[in-house]
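Hi,

Here is the structure I promised to pass on. Have a look at it first, then read my notes below.

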Amino acid sequence: MTVKCVAVLDYGSGNVHSAVKALARAGADVELTRDPAAVLAADGLLVPGVGAFDAVVTQLRAVRGDELIDRRLAGGRPVLGICVGEQVMFSRGIERGVETEGLGQWPGTVRELRAPVLPHMGWNTVEAPANSTLFSGIAEERFYFVHSNAATEWSIEGRTEATRPIVTWAEHGERFIAAVENGPLSATQFHPEKSGEAGIQLLRNWIAAL
């Protein structure tokens, strides 16, 4: 089996090294890079994200990460966002009263969860559709979340059943989007790299589909 090359976008986010190690454990040839040629050439691109929505968007745009993500997706080249790397794929984020324009890959707003305790920190189950690739064999497992904000609505429908995005949900105070599989663009609100063997298997599932 051919080993797949995955680039981890190096734009200043805090969890890059744990993501690199997890991808290597999952069987990928991993490169931490912001070089445009390497980012565009890789079989898959992982976009990590830790911290505030506006800071992550600013850091991404500073290294033209938004343009590189656009170019990959336009060519059908897989991208996986994790945590705030998932959130910034939506149209906008509202955090501590600050409204920030996101990357706009999906319509919708990321906002603070209506929950009695924030942040939502620790292990939680997810509601994954039966046709999910990411959660194949691990739909009943628990995954590790650390966040206060999330997208809570989904509004895109596919033209056909085959093109309909696969949306996985979780609950903390209210239902929120835990993961999306939408053509070449996938994302998780939780941290696969902190989710033990279930997280590694999710990364294996993604890598196998590259």
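**What I found**

Phe90 sits across from Trp106 in E7. Before going on: this is a predicted model, where local features need pLDDT of at least 70 and side-chain atom pairs count only at pLDDT 80 or more, while totals for chains, interfaces and linings use all residues. Numbering starts from 1 along each chain as its sequence is written, and side-chain values use heavy atoms, with hydrogens and water left out.

Strand E5 (residues 90–95) and strand E7 (residues 106–112) run parallel and are joined by 3 bridges. (Strands are DSSP runs of E, at least two residues; helices are runs of H or I, at least four; both are numbered from the N terminus.) The open sheet here has 4 strands in the order E6-E5-E7-E10, with mixed pairing; two strands pair if DSSP finds at least two bridges between them. Strand E6 (98–101) and strand E10 (149–151) are at the edges with a single partner strand each, so one side of each has no neighbour in the sheet. Helix H3 (residues 53–62) packs on the sheet and touches E5, E6 and E7, contact being heavy atoms within 4.5 Å.

Now the largest pocket: its volume is about 290 Å³, the space filled by probe spheres set on grid points joined across faces, edges and corners. A pocket is an open set of points on a 1 Å grid over the protein atoms alone where a 1.4 Å probe fits, with protein on both sides within 12 Å along at least five of seven lines; lining residues have an atom within 4 Å of a point. Of the 16 lining residues, Gly51, Glu95, His147, Ser148 and Asn149 are the closest to the centre of the largest pocket.

Cheers

Conventions: Axes are lines fitted to C-alpha atoms, for helices over the stretch in contact, and angles run from 0 to 180 degrees between N-to-C directions.
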